[in-house]
Amino acid sequence: MKKIILFADPGIDDSVAIMYALRNPEIKVLAIVSSYGNVDKEQATDNIAYLLKLAGREDIPIIGGTNAPSSGETPTYYPEIHGKEGLGPIRPPEDLQVELTNFSELYTIIKNNPGLTIVDVGRNTSLAALFLLGENLTKDVSEFYIMGGAFLVPGNVTPLAEANFYGDPTASNLVMQNFDNLYIAPLNVTNKAIITMEHVNTVLDMTDHPLVQILDDVMEYYIEAYKKLIPGIGGAPLHDAVTLSLMVNPSMGKTIRREVEVFTGVSGMGTSSADFRVSSKNAEKNINIFLELDYEAFLKDFIQVMGGP
Ligand code: BDR
Ligand code: CA
């Protein structure tokens, strides 16, 4: 059983990742950190609260993360993919009770749960803040799983950059340079984690759990958005859910260990770079980069977890 703190910015694929984490018996979610990213922090928080309510898991604290990237600039949101409110056509009810826990609570959770894993599927600003708080907190975490980057493949927000690393490249680079036991799931693998409406319907036939039922509308919106972006795609990539699936089933992917730099300058901003020459493999700050995914194994795991009891 993996105990995790999940950093997210839901967002549709973040929401599916939250559902996956809540429904997976191999994962215990200790807290969810809400930050700006696909939508603003307030909307992300409402969406998390709604998902927790549907799951009957209001006991899980929602921790208030960051509002904006470390540059202080206004974030760019992506309504064309996630919908204006981040859950496609679905809106949390007006009378939803939402309570935010202070960021400093992370200190207590991390100190009380040695060996836990942090999973960050959003911009890395809040994760960088954890490091900047000091107290050696990041040393008490056994491993970090991060969705971000694109290595020698096209980006998704610029020709070279992926959205999470582009959103706050300074934070992402700080994480790459200072954190130990990092695993990153870049677009190389997450773009392959395509879910179609057929897969969604398989899941919907397996359970009538209210949390899972919203997949119907949410995934339809997300898949239609991707079809407009990439003609012929047939489904949409679950970047964030596959990162969690890889955490539980690391043998489903293949990693290569290399140092990673995220470009922070204006030119090529957010680009992730690693030296894949054999001669560079014994570097000091090596990071586990997933470059291959067993798609069939992911599909099987996703359907089993989402449709499970
Ligand atoms: C990543 O960016 C976000 O928009 C998605 O939720 C995912 O975490 C993909 O590049
Ligand atoms: Ca995300």
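**Reading helices, the ligand shell and loops**

Modeller: Helix H5 passes helix H7 in a left-handed crossing. A crossing is left-handed if the near helix is turned anticlockwise from the far one by less than a right angle, and right-handed if clockwise. Helices (H or I, at least four residues) and strands (E, at least two) are DSSP runs, numbered from the N terminus. This is a predicted model, in which local features need pLDDT of at least 70 and side-chain atom pairs count only at pLDDT 80 or more, while totals for chains, interfaces and linings use all residues. Residues are numbered from 1 along each chain as its sequence is written, and chains are lettered from A and ligands numbered from 1 in the order in which they are written.

Biologist: At what angle do the axes of H5 and H7 cross?

Modeller: Axes are lines fitted to C-alpha atoms, for helices over the stretch in contact, and angles run from 0 to 180 degrees between N-to-C directions. Those of H5 (residues 125-132) and H7 (residues 169-178) cross at roughly 50° and come within 8 Å. H5 and H7 are therefore oblique to each other; angles under 35 degrees count as roughly parallel, over 145 as roughly antiparallel, 65 to 115 as roughly perpendicular and the rest as oblique.

Biologist: Which residues of H5 and H7 meet?

Modeller: Two residues are in contact if their C-beta atoms, placed from the backbone, lie within 7 Å. From H5, Thr125, Leu127, Ala128 and Phe131 meet Ala171, Leu174, Val175 and Asn178 of H7. This contact comprises six nonpolar, two polar and no charged residues. Here Ala, Val, Leu, Ile, Met, Phe, Trp, Tyr, Cys and Pro count as nonpolar, Asp, Glu, Lys and Arg as charged, and the others, Gly among them, as polar.

Biologist: Which residues of H5 are buried?

Modeller: A residue is buried if 20 or more other C-beta atoms lie within 10 Å of its own, exposed if 12 or fewer, and partly exposed in between, with C-beta atoms placed from the backbone. In H5, the buried residues are Thr125, Ser126, Leu127, Ala128 and Leu130. Their cover includes strand S1 (2-8), strand S2 (27-34), helix H4 (105-112), strand S5 (117-120) and H7.

Biologist: Which residues come nearest to ligand 1?

Modeller: A residue is near a molecule or strand if its C-beta atom, placed from the backbone, lies within 6 Å of it. Of the 13 residues around ligand 1, the nearest are Gly11, Asp13, Glu162, Ala163 and His239. At least two residues of the shell come from each of helix H1 (12-23), helix H6 (163-167) and helix H12 (239-248). By class, the shell holds four nonpolar, five polar and four charged residues. Gly11 lies in the loop between S1 and H1, and the peptide bond from Pro10 to Gly11 is cis, with omega near 5°.

Biologist: Is Leu152 buried or exposed?

Modeller: Leu152 counts as exposed because it has 12 C-beta neighbours inside 10 Å. It is placed in the loop between strand S6 (143-147) and H6, and its phi is positive, near 60°, although Leu152 is not glycine. Asn181, in the loop between H7 and strand S7 (182-185), also has a positive phi, about 50°, without being a glycine. With 15 C-beta neighbours inside 10 Å, Asn181 counts as partly exposed.
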